[in-house]
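Hello,

Here is the structure I promised to pass on. Please open it first, then read my notes below.

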Amino acid sequence: SRESLQQLDAAHHLHPFTDSGALHQKGARVIERGEGAYLWDLDGHRLLDGMAGLWCVNLGYGRQELIAAANAQLQQLPYYNLFFQTTHPPAAKLAATLAEILPGDLKHLFFTGSGSECNDTVVRMVRHFWAEQGRPERTVIISRHNAYHGSTLAGASLGGMKPMHRQGGLPLPDIVHIDQPYHFGEGQGVDPHAFGLERAQQLEQKILELGPERVAAFIGEPVQGAGGVIIPPDSYWPEIQRICKKYDILLVADEVICGFGRTGHWFASEHFGIVPDLLCMAKGITSGYIPLGAVAVSGRVANTLIAGGEFFHGFTYSGHPVACAVAQANIAVMQKEHIVERVHEDIGPYLQQRWASLGDHPLVGETRGLGLVAALELVADKTSLTRFPEEAGAGLVCREHSLDSGLIMRAVGDTMIISPPLIITREQVDELIEKARCALDLTLTTLSNRQGK
Ligand code: PLP
C-alpha cells in the first residue's frame, strides 16, 4: 500500500536534494508507472510530466524500442569494461553515431555514467591537455554563479549554487565564478544586448585579473537549467567565444540539459552559434532510461590526449554496453521520427506561443523559453516587477497547486519551469497551459488569503 511504502521510505531512504524532515511529515508521493508524457501515482492520480523526469525523459515513458534494446544487450553482453585496450560494439558504434550528430569537429567521445562525472572528466581533461601542451600552470577553470554542473565535488565546485558551497570545502581550488546572464533577475532596465555583452566581458576581466597564462577553460550551460532556465541575450555566447579564442582558453559547453533536441537543435551550441572545444551530455542521451554521460572533444584536444600517453581517469561504468545500446536506440527513434525538427519547427514554437499567453496573468512578470524548455517569473507587483519576499514561498505554493491540478512544474525560487517530453502533442501542450493557469489562479488566491490574515 502507499502507506507501507511511505513508511519503508521514511525509515530507510535518504533522498537527494530533499528536506527529509519535511518529507517524512508529508509522506513521499509514490510514482508507480509512466506512459508517454504521463505518470501515475499509487493513488491513481494522473500527472502530466511537465519536467520529463529531471529534464531527461525526452521520448516519454514506455518506449518499446529502448526497452527492447536494453533487453537484447543484457542478453548479449550485460557488462564489460573499456579499460586495458578493449572495446565492445555498443560503445564503438555509439561514439561514431555521436560524432555524426555533434557540431564542429567534436569527433571523439569519452563515456561516463552521469552529467556530474562528465564535468569531473572535464576538469581532469583540460588540465591534462594543458600539461601535455607544456603549460601545466594553466589550471584555473572559470564558471558562473548560479550554474549547475552536478553534485560530485568537481561538479558542485564548477556549479555556482551557494547552498552546495556552504557545505564546506567548496569550491575546490582553481575554480572561480563570474556573474550569470540573468536579465530578468539582474539586468532590469538595461538593454538586453548590452547586458549580454557586459556579462560576457566579465570573463575577460576575470582572465586578466588571474593572468591569462593561468586559465585553462571556461564552462557554461548554453541555457542555465537548474538555475532557472536562464536564456542569455543573443550577444552573450558569441562574445564568450571571442574572448576564449583571444586568450586561447578552452570553451566547454555543458549540454547535459540542452542536448538531444531540447532547444530545437541536437545541441544548443548550434542555436547560439558557438563551437565548443569540449561538450558534455547525459540525461536525454538515453531519454533517462539508464544512466549514461559523454564528453565530446574537438580534434585539437583529442590529438593531444591521444599523443599524451595514458590518461589516468575513467569509471567502471564508462560506456556501459546496455546504456550505449539504449542511447543508440534513442537516437535512432529521434532520427526516424524527426524529433529535433519537430521541436524546432512545430511543437516548440507552439508551446512557446501558448506559454507566452500566461504573461497576462497578474502573477506573471516575464515568460521566456526556447524549444521545449520555458520559465515564468512570479511577481508580487506586475507593473514594478517587484518580487515576493522569500518567506512567502510563492514558487513552492505554485508548485503544490500545479501538482494538485495534475501537472508537474518545477520551482526555482519564484521561477516556475517546464521542460516536457519532446513527444508532447499539441493537445497535451493545451492541457499543460490550462493546468499551469489553474495553478497560477490558485496561487494568487492562496497568497492573497495569507496576506489578508
Ligand atoms: N550539468 C547540468 C547542466 C545539469 O543540469 C546536471 C543535472 O541536472 C548535471 C550536469 C549533473 O548531471 P547528473 O545529475 O547526471 O550527475
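The buried residues of helix H15 are Ile339, Val340, Val343, Ile347, Gly348, Leu351, Gln352 and Trp355. Buried means that 20 or more other C-beta atoms lie within 10 Å of the residue's own; 12 or fewer makes a residue exposed, anything in between partly exposed, and C-beta atoms are placed from the backbone. Helices (H or I, at least four residues) and strands (E, at least two) are DSSP runs, numbered from the N terminus.

A word on the source. This is a predicted model: local features need pLDDT of at least 70, side-chain atom pairs count only at pLDDT 80 or more, and totals for chains, interfaces and linings use all residues. Residues are numbered from 1 along each chain as its sequence is written.

Back to H15. Its buried residues pack against helix H14 (321-336), E11, E12 and helix H17 (426-452). Contact here means C-beta atoms, placed from the backbone, within 7 Å. H15 also has a kink of about 45° at Ile347, shortly before the proline Pro349. The bend is the angle between axes fitted to the seven residues ending at a residue and the seven starting there.

Now the domains. Domain 1 covers 2-62 + 338-452, and domain 2 covers 65-336. These bounds come from an automatic or database domain assignment. The domain centres, taken over C-alpha atoms, are 26 Å apart. Domain 1 brings 26 residues to the contact, and domain 2 brings 25 residues. On the domain 1 side, H15 gives the most, with 5 residues. That side has 16 nonpolar, 7 polar and 3 charged residues. Ala, Val, Leu, Ile, Met, Phe, Trp, Tyr, Cys and Pro count as nonpolar, Asp, Glu, Lys and Arg as charged, and the others, Gly among them, as polar.

Next, the ligand. Which residues are closest to the ligand? They are Ser114, Gly115, Ser116, Gly150 and Val256, out of 16 residues that surround it. The shell holds 6 nonpolar, 8 polar and 2 charged residues.

Last, the whole chain. There are 17 helices and 14 strands. Buried residues make up 47% of the 453 residues. The C-alpha atoms fill a box of roughly 70 × 55 × 45 Å, taken along the principal axes.

Best wishes

How values were computed
Near = placed C-beta within 6 Å. Contact = placed C-beta atoms within 7 Å.
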